[in-house]
Amino acid sequence: MENLGDAYDLSGKTALITGSRKGIGFAIARTLAQAGASVIINGTVDPDAAQSAVTELQEAANGGDAWYCQSDITKPRAAASLFDEALSFTGQIDILVSNASVQRFMPFQEVTEEDIDYQYSANFKAAFVLIQRALEGMRERRWGRIVTIGSVQEETFNEKFAPYGALKAAQTHLVKSLAKSFSGEGITFNNIAPGLIDTVRNEDFLADSEAKQEIVSRIPLGRVGQPEDCSGAALLLCSQAGAYITGANIFVEGGIRL
């Protein structure tokens, strides 16, 4: 029997991970780099501000390299430009992890069209465009891994996350549709849906000890998640070990949706 550990080897593969200078995206990038992949991370800050993240990934790399692309995917045509820049480093993108997202926590009746458009651009449109572009080369090579990062809000229905939760659900629907259409060409499509993770986005909420205690009491595993909790699922889905998984939505949320 083949050594199962070899199935996680990503040597020779290149991964683009959006929204990955820190948090969940960075944890995934580091894990893929440790598995041998070259990784391209992305964020909105200038390259100098991202250099420490690139250096850390290069030090963690197991034979690959790391680069950074500055891009704000909420802007028109930014996703396509980001993909072109990422493609220039190695000439191919074998793995796409669409992680970048934005959210505005507000009562449903206060949501404006601008709020909807802003979240739509990052939380659905950018992923759509990036997947379109990535599929071109993946179909030619008959190998590819596409992973989108969703949210437990797809199922927990908080009205203050109305656009965010709805768009994450739409993204998962897209992934399942593409899995049905293209998986026969050697490409898998999956979604990871995190729960409450200890990231910069959630630091204000987690600083409120009473609010934190209340939500942790509803998590069967009894703790807040860490970015690294998402990276194991990502490695499985991005490697040959997950070759028979497609159209799946994997919740990484400690059981809070139960």
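**Exercise 1. Decide whether Glu 253 is buried or exposed, then find its salt-bridge partner.**

Solution. Start with the accessible area: Glu 253 has a relative value of 8%, so this residue is buried. Keep in mind that the model you are viewing is predicted. Next, look for the partner: Glu 253 forms a salt bridge with Arg 257, and their closest N and O atoms lie 3.3 Å apart.

**Exercise 2. Work out which parts of the chain are linked by the salt bridge of Glu 185 and Arg 139.**

Solution. First check the pair itself: the closest N and O atoms of Glu 185 and Arg 139 are 2.8 Å apart. Then place each residue. Glu 185 sits in the loop between α6 (162-182) and β6 (187-194), while Arg 139 belongs to helix α4 (residues 113-141). To finish, compare exposure with the cut-off for buried, under 20%: Glu 185, at 17%, is buried, whereas Arg 139, at 39%, is partly exposed.

**Exercise 3. Describe how helices α1 and α2 pack.**

Solution. Begin with the geometry: α1 (residues 23-34) and α2 (residues 47-60) pack at about 30°, with axes 8 Å apart. Angles under 35 degrees count as roughly parallel, so α1 is roughly parallel to α2. The crossing is right-handed. Now list the contact: α1 contributes Phe 26, Ala 29, Arg 30, Ala 33 and Gln 34, and α2 contributes Ala 53, Glu 56, Leu 57 and Ala 60. Sorted by class, that gives six nonpolar, one polar and two charged residues.

Note on methods:
Residues numbered from 1 in each chain as written. Predicted model: local features only at pLDDT ≥ 70, side-chain atom pairs only at ≥ 80, totals over all residues. Heavy atoms only, no water. Axes fitted to C-alpha atoms, helices over the stretch in contact; angles between N-to-C directions. Helix = DSSP H or I, 4+ residues; strand = E, 2+ residues; numbered from the N terminus. Parallel < 35°, antiparallel > 145°, perpendicular 65-115°, else oblique. Left-handed = near helix turned anticlockwise from the far one by under 90°. Contact = heavy atoms within 4.5 Å. Nonpolar A, V, L, I, M, F, W, Y, C, P; charged D, E, K, R; others polar. Salt bridge = Lys/Arg side-chain N within 4 Å of Asp/Glu carboxyl O. Buried < 20%, exposed > 50% of the residue type's maximum accessible area, 1.4 Å probe, protein only.
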